[in-house]
Amino acid sequence: MTTISRDRSSYSANAEYWTRIIRDGLDRYRTGLTDAAVLEAAGDVTGLSVLDAGCGEGYLARLLAAGGARPVVGVDLCSELVEAARDTAAREGLDITYETADVAALPLADGAVDLVVANHVLNDLEEPAPAIAEFARVLAPGGRVVALLLHPCFYGSRARPVDVADYYRPRRIEQHFDVAGEVSPVPVVAWTRPLEDFTRAFAAAGLAITGIREPHPSEQQLGDDPWWAENFTRPLFMLITATRSA
């Protein structure tokens with residue numbers, strides 16, 4: 001495994017845990033915030049060929065397929081998560097192809113897809129630029145990338161936000177998943193970098209950034225449920241959309 005790849009071993013050890021967290025809807029950041037933002041950015045996917053890069057147990061690929069995307073391919077380095085994704089797609093009769101592969105070495109032809117969705121995967125990579133270049137390679141002219149990541153300006157760890165002394169360099173964050181009070185068997189490593197590193201990587205790959213959003217709870221969510229005020233105390237996420245030139 002290269003250093004640019006997701007840490008397969010920790011995700012393998014956490015595969016059963018993470019599959020249950022996702023399928024039981026326990027990750028409220030996803031179910032109440034980021035999934036909707038990603039799907040809104042993807043827009044109408046009817047008839048589009050879509051890659052779910054870093055697909056995990058496959059839930060986002062399933063949502064995209066349910067929205068009319070054809071064909072849908074999911075890629076992840078963790079074979080245990082890919083197997084869980086395949087089993088569920090087969091059980092539900094969904095025409096989705098899942099492959100065990102590195103997002104920095106995609107098993108797809110040039111220009112094979114119309115849309116790449118990278119949901120919480122770029123922070124798994126010590127060096128994200130090769131994966132972003134691969135996204136550009138497999139996109140058809142005019143194709144789009146939707147990438148959700150931890151906010152590079154504010155996310156340091158659960159314990160504290162990033163400070164300016166650390167901001168302008170790649171930052172390694174090792175911590176357990178802790179979701180709804182359930183802690184992962186082993187810790188995982190995330191990487192974050194200054195915002196300019198991400199914009200530079202997109203530009204170098206020939207991808208024009210068309211939008212940057214910062215998904216956050218609505219006033220109604222904050223008013224209706226104190227969980228959001230308690231757990232969303234600083235910007236946590238950034239959503240980048242980009243297009244490959246025609």
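Buried means under 20% relative accessible area, exposed over 50%, and partly exposed in between, with a 1.4 Å probe and protein chains only. The model is predicted, so local features need pLDDT of at least 70 and side-chain atom pairs count only at pLDDT 80 or more, while totals for chains, interfaces and linings use all residues. Residues are numbered from 1 along each chain as its sequence is written, and side-chain values use heavy atoms, with hydrogens and water left out.

**Exercise 1. Classify the ring pair of Tyr 29 and Trp 228, and say which parts of the chain the pair ties together.**

Step 1. Start with the rule: rings of Phe, Tyr and Trp (its six-membered ring) pair if their centres lie within 6.5 Å; planes under 30 degrees apart count as stacked, over 60 as edge-to-face and the rest as tilted. The count by this rule is 10 aromatic pairs.

Step 2. For Tyr 29 and Trp 228 the ring centres are 6.3 Å apart and the planes stand at 75°, so this pair is edge-to-face.

Step 3. Tyr 29 belongs to helix 3 (residues 28-42) and Trp 228 to helix 10 (residues 226-231), so the pair ties together parts 199 residues apart in sequence. Helices here are DSSP runs (H or I, at least four residues), numbered from the N terminus.

Step 4. Now check accessibility: Trp 228, at 3%, is buried, whereas Tyr 29, at 21%, is partly exposed.

**Exercise 2. Which residues of helix 5 are buried, and how are they arranged?**

Step 1. The buried residues are Leu 81, Val 82, Ala 84, Ala 85, Thr 88 and Ala 89.

Step 2. Viewed down the axis, they fall within an arc of 160° (taken from the directions from the helix axis to the C-beta atoms), so they line one face of helix 5.

Step 3. Ala 90 and Arg 91, on the other side of helix 5, are exposed.

Methods:
Helix = DSSP H or I, 4+ residues; strand = E, 2+ residues; numbered from the N terminus.
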